[in-house]
Amino acid sequence: MAIFVYAENINGIYKKAAFEAVSYAKSIAEKNGESVTAVSINPTDSSELLYKYGAEKVLNIKDEGLKNFSAKAYAQAMNEVAEGNIIVFPHTTDASSVAPMLAVMKDFSLITNALETPESLSPFQVKRRAFSGKGVMHAKADASGVIVTVSQNAFGVKENPVAGSEEVKDLAVTNEDTKVLSHEQSSGKLDLKEAEVVVSAGRGMKGPENWGMIEDLAATLGAATACSKPVSDIGWRPHSEHVGQTGKAISPNLYIAVGISGAIQHLAGVNSSKTIVVINNDAEAPFFKSADYGVVGDAFQIIPELNAKIKALKG
Ligand SMILES: Cc1cc2nc3c(=O)[nH]c(=O)nc-3n(C[C@H](O)[C@H](O)[C@H](O)COP(=O)(O)OP(=O)(O)OC[C@H]3O[C@@H](n4cnc5c(N)ncnc54)[C@H](O)[C@@H]3O)c2cc1C
């Protein structure tokens, strides 16, 4: 049997999280000698991209009815094609609403936010992120099969090229539940949840007119921009940038927090970042306790200097 993996795409283009999920599925396949079958819904990208990370087979579902996302309809589609007893999903917003529905349909265990290759496959046991990233737990599946979602940026994208083959599946899933009212998309910008580097700023920036320096630094670093909750509540930045307990949970390799105090609700969404740099003019700001590197000083002086230094380093 194969390890099945949901390869998420946005408007047909594979997400980085899809490559990470395929890489993760491959690491399981290497343990139990099975192959990897990636399933994608209406992709336009080439399947070659998935062979590169270890998918021996790519099942492309073609279904006009699935043009608009619906967790239930996507779970039904996965239920029709995914036959294995280990099914991997990325832990993206969409996929993490499909995975539980599929688990119910198949009567499988569901383990979310896996951090590493499973410790054992029989029973399936894996380390997962718990308590908003403040802890880890060892979760064990007790059903005949398991759906596992992979915490973004935890396992990483690992090349493992194979000679793959593609099969196109025509489905006709009923998708009556979805009515698209509006579709917000940040064009040309990095997806915050996928970004390896994030430059984030808070109320310490004093006003929206000062975000130019944050955007400049982000552009130099190839980073996405984020913000604290009050900043998006006041309307200084769009809600799509709000990170934390009530915003997006992210885990980039590098999180730079500028003028953010480090309240527990903010930390809940960012403390899984691999390296945290805090820039704050108050040496007592709580964020410094969670920082790998801290700079005490005025952001208005530090950010332009930092940007200029990085630009100079990059030549
Ligand atoms: C139920 C609930 C859910 C919440 N969810 C979230 C959430 O998801 N995300 C979130 O972010 N918050 C959340 N909050 C709000 C949270 O408690 C904090 O109020 C918020 O994170 C503070 O935002 P801030 O750090 O931008 O602002 P402040 O707390 O005002 O901090 C501003 C910081 O900027 C520093 N500063 C000021 N001037 C400068 C300067 N010139 N240079 C450098 N530093 C400077 C200050 O020293 C200070 O530390 C939630 C609260 C509740 C009750």
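## The five-stranded sheet

Two strands count as paired when DSSP finds at least two bridges between them. In this predicted model, five strands are joined in parallel pairing into an open sheet, and their order across the sheet is E14-E13-E15-E16-E17. The edge positions belong to strand E14 (224–227) and strand E17 (293–296). Each of these has a single partner strand, so one side of E14 and one side of E17 are left without a neighbour in the sheet. Averaged over the sheet and with direction ignored, neighbouring strands are turned by 15° against each other.

Within this sheet, strand E15 covers residues 254–258 and strand E16 covers residues 275–280; five bridges connect them in the parallel sense.

Helix H5, made of residues 212–221, lies across E14, E15 and strand E13 (197–201). The angle at which H5 runs to E13 is about 175°. Helix H8, residues 299–314, lies across E15, E16 and E17, and runs at about 130° to E16. H8 also has a part in the ligand site, where it supplies at least two residues of the shell.

## The ligand site

The ligand has 26 residues around it, and those that come nearest are Ser228, Thr246, Ser261, Gln265 and Asn280. By residue class, the shell divides into 15 polar, six nonpolar and five charged residues. Besides H8, helix H6 (229–234) and helix H7 (264–270) each contribute at least two residues to this shell.

For Gly259, a polar backbone atom is 3.0 Å from an oxygen atom of the ligand. For His266, an N or O atom in the side chain is 2.8 Å from an oxygen atom of the ligand. The ligand taken alone exposes 980 Å², and 75% of that is buried by the protein.

## Parallel pairing of E4, E5 and E12

Strand E5 (residues 57–62) runs parallel to strand E4 (residues 35–41), and five bridges join E4 to E5. E5 also pairs with strand E12 (residues 165–170), again in the parallel sense, over six bridges.

Ser40 stands opposite Asn60 in E5, and Asn60 in turn stands opposite Val168 in E12.

## Backbone features in two loops

Where is the cis peptide bond? The bond joins Ser122 and Pro123, with omega at about 5°. Pro123 is found in the loop that lies between strand E8 (120–121) and strand E9 (124–130).

Asp107 is found in the loop between helix H4 (95–106) and strand E7 (109–114).

Conventions:
Residues are numbered from 1 along each chain as its sequence is written. This is a predicted model: local features need pLDDT of at least 70, side-chain atom pairs count only at pLDDT 80 or more; totals for chains, interfaces and linings use all residues. Side-chain values use heavy atoms; hydrogens and water are left out. Helices (H or I, at least four residues) and strands (E, at least two) are DSSP runs, numbered from the N terminus. Axes are lines fitted to C-alpha atoms, for helices over the stretch in contact, and angles run from 0 to 180 degrees between N-to-C directions. Contact means heavy atoms within 4.5 Å. A residue is near a molecule or strand if one of its heavy atoms lies within 4 Å of it. A polar contact is a pair of N or O atoms within 3.5 Å; within protein, one must be able to donate a hydrogen and the other to accept it, and residues adjacent in sequence count only if both atoms are side-chain atoms. Accessible areas come from the Shrake-Rupley method with a 1.4 Å probe; for residues, only the protein chains shown count as cover. Ala, Val, Leu, Ile, Met, Phe, Trp, Tyr, Cys and Pro count as nonpolar, Asp, Glu, Lys and Arg as charged, and the others, Gly among them, as polar.
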